[in-house]
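Biologist: Please take a close look at one part of this model for me. I would like the charged side-chain pairs, and then their setting.

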Amino acid sequence: HEQCILQWLARGSSCPICRAAVPLPRRLLRPFGAEDEDEASSVAAFSAERERLLRRVHNLDAERDSIEAQMQRIAGDLLGYMSQLQMIQNERAILIGQATAR
């Protein structure tokens, strides 16, 4: 009986006839049917991790979009400030020119 042999080997890792040591792969030492449970558990764990990572990617995409929008606003503000600075510098040059002309 397969179940009896697996139980025997799980208890002692020896031949049931001559009692010689039998090196076994770890997967054979699991209880009968545990392999399917372990596989289902692994699939569930991988699926959960995949979902967690997908949510993280979604959140990072949203964060990136928000940062890009902020950068565009800041770039627009910077262009406005540069334009104002240029106007002030022009006015200054005019005032200096008028003051030296007197």
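Modeller: A salt bridge here is a side-chain nitrogen of Lys or Arg within 4 Å of a carboxyl oxygen of Asp or Glu. Side chains of opposite charge can pair when their charged atoms come close. Arg64 and Asp61 meet that rule, with N to O at 3.2 Å. This is a predicted model: local features need pLDDT of at least 70, side-chain atom pairs count only at pLDDT 80 or more, and totals for chains, interfaces and linings use all residues. Residues are numbered from 1 along each chain as its sequence is written, and side-chain values use heavy atoms, leaving out hydrogens and water.

Stay with Arg64. Arg64 and Asp61 are 3 residues apart in helix 3, so about one helical turn separates them. Helices are DSSP runs (H or I, at least four residues; strands are E, at least two), numbered from the N terminus. Arg64 has another partner, Glu68: their closest N and O atoms are 3.8 Å apart. Arg64 and Glu68 both lie in helix 3, and their spacing of 4 residues is about one turn of the helix. Asp65 joins in as well: Asp61, Arg64, Asp65 and Glu68 are linked in a network of salt bridges.

How open is this network? Cut-offs for relative accessible area: buried is under 20%, exposed is over 50%, partly exposed is in between (1.4 Å probe, protein chains only). Arg64 is partly exposed at 42%. Asp61 is partly exposed too, at 32%. Glu68, at 40%, is also partly exposed.

Now look at Arg50. Arg50 bridges to Glu51, with the closest N and O atoms 3.4 Å apart. Arg50 is exposed, with 53% relative accessible area. Glu51 is partly exposed at 39%. The salt-bridge count comes to 5 by this rule.

Next, the setting. The protein chain has 3 helices and 0 strands. Its elements run α-α-α from the N terminus on. Helix 3 covers residues 34–101, and Leu78 sits in it. Leu78 is partly exposed, with a relative accessible area of 48%. Together, Leu78, Leu79 and Met82 make a nonpolar surface patch of about 320 Å².

Across the whole protein chain, 5% of the 102 residues count as buried. The chain exposes about 9,100 Å², and carbon and sulfur atoms supply 60% of it. Accessible areas use the Shrake-Rupley method with a 1.4 Å probe; for residues, only the protein chains shown count as cover.

Last, confidence. pLDDT is the predictor's confidence in each residue, from 0 to 100. The protein chain averages 82, and 76% of its residues score at least 70.

Definitions and conventions
Patches are made of residues with over 30% relative accessible area and no salt bridge: like charges are joined within 9 Å, nonpolar side chains (Val, Leu, Ile, Met, Phe, Trp, Tyr) within 5 Å.
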